[in-house]
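This report describes the fold and the contacts of the two-chain model shown below. Please keep the structure in view while reading.

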Amino acid sequence: MFKHFLWLEWKSFFRSASFGKSLGLKILMIFLALYFSGMFLLFGIALFPLIKELSPEADPMQVVNRFALVYFTFELIFRFMLQTLPVMDIKPLMHLPISKIKVVNFVLIKSLFSFYNLLPLFLFIPFGILCIIQGGYGTLNILGWIIGMYAIALCVNYFNFIIKKRFTENLKALIPIVIVGLTFALLDYMKIFQISVYFGKILNILVERPYLALIPIVLLVILYKWNQNNLYGKFYLDAGIKGKSKTANTRDFVWTKKFGSIAPFLQQDLKLIWRNKRPKTTIYLSVIFLAYGLIFYPNEAYQGMPAFFVFVGIFVTGIFMINFGQFIPSWDASYYPMIMAQNIPMRQYLASKMGLITFSVIVLAVLSTPYVYFGWNILLLNIACALYNMGVNIPLLMYAGSFNKKRIDLDKSPFMNYQGTGASQWLVGLPLMLIPIFFFWIINKFINYEVGVGFLAVLGIIGLILRPAILNFLVIRYRKRKYIMIEGYKQKGD
Amino acid sequence: MITATNLSKVYNGTKVLEIEHLDIPSGQNFGLVGNNGAGKTTFFSLMLDLIQPTTGNIFNKEITVSESEEWKPFTSSFIDESFLIGYLTPEEYFYFIGELRSRNKADIDSFLTQFEDFFNGEIIGRNKYLRDLSKGNQKKAGIVAALIGDPEVVILDEPFANLDPTTQIRLKKILKELSQTAGTTVLISSHDLIHVTEVCERIVVLDKGKIVKDIQTSEATLHELEAYFSREIAES
């Protein structure tokens with residue numbers, strides 16, 4: 001049976017509308033994967049001698065165990081942000097003589113072959129081997145440790161599924177987990193209740209009694225079963241398609257009327273965002289990442305590198321732009337033929353999209369003004385970054401959007417719907433940030449900070465002045481790509 | 001009103017549509033019939049500039065549809081569910097289309113009253129999103145939306161499919177009135193020969209992309225069509 005599933009996966013990968021685009025991204029991802037594998041391997045080898053050198057009297061194994069919980073916590077956070085969950089379109093399979101449990105198992109086992117599950121091995125195995133050779137540990141003990149640690153890493157893998165599942169269905173469900181996590185972190189930090197130390201001690205016991213590696217394995221099985229039940233329970237059409245026909249929210253956004261000819265489209269887009277889970281998350285993300293500056297501004301390490309603040313400025317004022325804008329016009333994919341056949345001039349359609357994102361940049365820029373606490377230069381830089389976003393990055397994103405031909409199913413069943421919530425989503429944002437950082441870095445290095453800020457602002461203002469001309473160019477571009485887009489949006493699935 | 005000249009569409013070397021000349025005068029109720037793959041939807045998609053013709057052009061009121069957008073204000077259509085915005089309620093969708101065709105809320109509300117029977121109480125005021133409606137009800141909403149703003153040309157692909165019998169009869173009445181009283185040019189396609197002969201003044205039969213029959217509807221038309229479509233079965 002798995003053979004058939006693999007065959008389906010293979011076909012859907014090579015026959016998808018976005019094959020060319022995703023192939024390019026995939027190559028980039030492979031490079032990144034190789035890079036990180038190398039880094040982890042290097043770290044895994046260097047860890048043992050490094051600890052020996054820093055504190056000769058300590059036992060490296062115990063030091064590593066002491067920080068294991070912190071490591072797993074970060075692993076969970078990174079997985080949560082970067083790991084795409086495996087997806088499978090179940091509807092065409094439901095009426096066929098395939099047992100549900102097999103489909104569910106396939107999806108869950110497929111996830112084990114993720115790159116993120118390979119990385120911890122690069123760390124654990126070299127370190128374990130060095131512990132045997134130089135640390136005088138027994139082979140069996142270390143084997144138990146490696147198996148135990150890896151089982152925990154895989155537990156993180158499945159635990160992440162459960163969280164991610166709940167997160168996409170209901171963001172508020174995440175709050176208790178975050179609060180519990182933060183409480184433990186705080187208690188640990190203030191040395192009231194050092195959970196990471198206790199966790200380390202448990203791991204030390206594991207090293208002494210390697211057969212205890214069974215416990216994380218049992219935990220892994222339990223988590224697997226939990227996921228299995230979760231998915232199995234969702235294996236009904238009405239769970240996805242019909243179940244949620246709740247009463248419609250008929251908010252009207254009447255205030256958009258002020259924007260004249262683009263008003264109906266703005267209204268449309270706001271409804272799009274509020275009524276669909278995926279675009280709605282972009283709003284939450286924008287608010288969360290507004291606090292991003294707090295990591296960088298107070299940090300001594302970045303004070304000498306103002307180019308980093310450009311990154312923060314572009315990111316904070318443009319997070320909605322990056323997350324929402326990069327999928328324009330795919331958000332409208334399911335009714336794109338209508339948009340093209342209705343009485344909607346292309347120019348107005350594009351202008352309204354740009355208007356919406358510009359508006360978001362302004363709102364985020366205003367919301368980020370409290371950062372003036374860290375100095376006027378930061379406020380000025382953020383305003384310059386906002387201008388740059390409006391003038392340069394928005395047209396760039398719109399241009400990139402004309403290459404989009406991958407459909408986004410807004411009303412797709414919530415059964416594992418994570419289209420585009422993986423690492424590639426962040427990669428698209430890179431050029432938007434690297435270009436201004438580069439300009440600023442050069443100018444700041446050879447002239448000074450103020451000229452750098454001014455330069456970004458001027459670039460943005462030029463872009464804003466040229467916007468009508470840019471729009472004309474985009475209209476030609478989108479008209480040319482229209483047929484390819486309509487064709488691409490017809491293709492459902494991945 | 002609508003003229004297609006030298007029109008063809010080729011997909012991967014296969015000609016799916018080839019129309020040398022087709023003229024649809026203003027106010028005509030025009031029906032397109034043909035088996036699957038005959039090119040009906042291809043023709044409508046070309047008319048709406050959703051796909052590009054390989055050769056030739058379609059002129060809608062002398063406007064080349066693939067070169068200008070000027071035909072959009074007086075042309076409206078419903079091809080399939082991809083013309084509906086799933087996360088809107090039917091009312092919101094009607095208001096949105098209304099705004100695109102410069103009709104305000106009050107205009108739309110009074111426009112919708114004439115379709116109360118047609119909707120059969122299942123569309124308006126139900127507080128449901130379009131995506132949560134059944135296929136038939138989605139179709140009803142889409143068809144009515146295509147009539148908003150007194151368009152001069154209305155294009156409906158398979159309007160009778162998925163509708164319940166009562167609604168089919170109501171729709172036939174609406175479509176007949178549309179061309180008779182308002183002088184609208186109505187283009188429909190259908191697999192149902194009875195419906196299409198009842199509604200349309202003129203019926204064109206497509207087969208493998210070519211026009212094989214062009215009939216002014218009369219008493220004998222239904223029989224003629226039935227004979228045509230059963231010829232292969234009769235031969236074998």
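## Conventions

Two strands are taken to pair if DSSP finds at least two bridges between them. Helices (H or I, at least four residues) and strands (E, at least two) are DSSP runs, numbered from the N terminus. This is a predicted model, in which local features need pLDDT of at least 70 and side-chain atom pairs count only at pLDDT 80 or more, while totals for chains, interfaces and linings use all residues. Residues are numbered from 1 along each chain as its sequence is written, and chains are lettered from A and ligands numbered from 1 in the order in which they are written.

## The sheet of chain B

In chain B, six strands form an open sheet with mixed pairing, in the order β6-β7-β8-β3-β9-β10. Its edge strands, each pairing on one side only, are β6 (75-78) and β10 (210-216) of chain B. Within the sheet, β3 (residues 29-33) and β8 (residues 185-190) of chain B pair in the parallel sense over five bridges, and N29(B) has V186(B) of β8(B) as its bridge partner.

Helix α6 (residues 165-181) of chain B packs on the sheet and touches β3, β7 and β8 of chain B, its direction making about 150 degrees with that of β8(B); such angles run from 0 to 180 degrees between N-to-C directions, with axes being lines fitted to C-alpha atoms, for helices over the stretch in contact.

## A buried helix in chain B

Ten of the eleven residues of helix α2 (residues 90-100) of chain B are buried, so α2(B) is largely enclosed by the rest of the structure. A residue is buried if 20 or more other C-beta atoms, placed from the backbone, lie within 10 Å of its own. Among the buried residues of α2(B) are P90(B), E91(B), Y93(B) and L100(B). The cover over them includes α12 of chain A together with α3 (105-113) and α5 (135-146) of chain B.

## Chain A and its interface

The secondary structure of chain A comes to 22 helices and zero strands, and buried residues make up 32% of its 494 residues.

Between the chains, 24 residues of chain A are in contact with 27 residues of chain B, where contact requires C-beta atoms, placed from the backbone, within 7 Å. Elements giving two or more residues to this side of chain A are α12 (263-275), α16 (336-341) and α22 (467-490) of chain A, and the largest share, five residues, comes from α12(A).

Notes: Two residues are in contact if their C-beta atoms, placed from the backbone, lie within 7 Å. A residue is buried if 20 or more other C-beta atoms lie within 10 Å of its own, exposed if 12 or fewer, and partly exposed in between; C-beta atoms are placed from the backbone.
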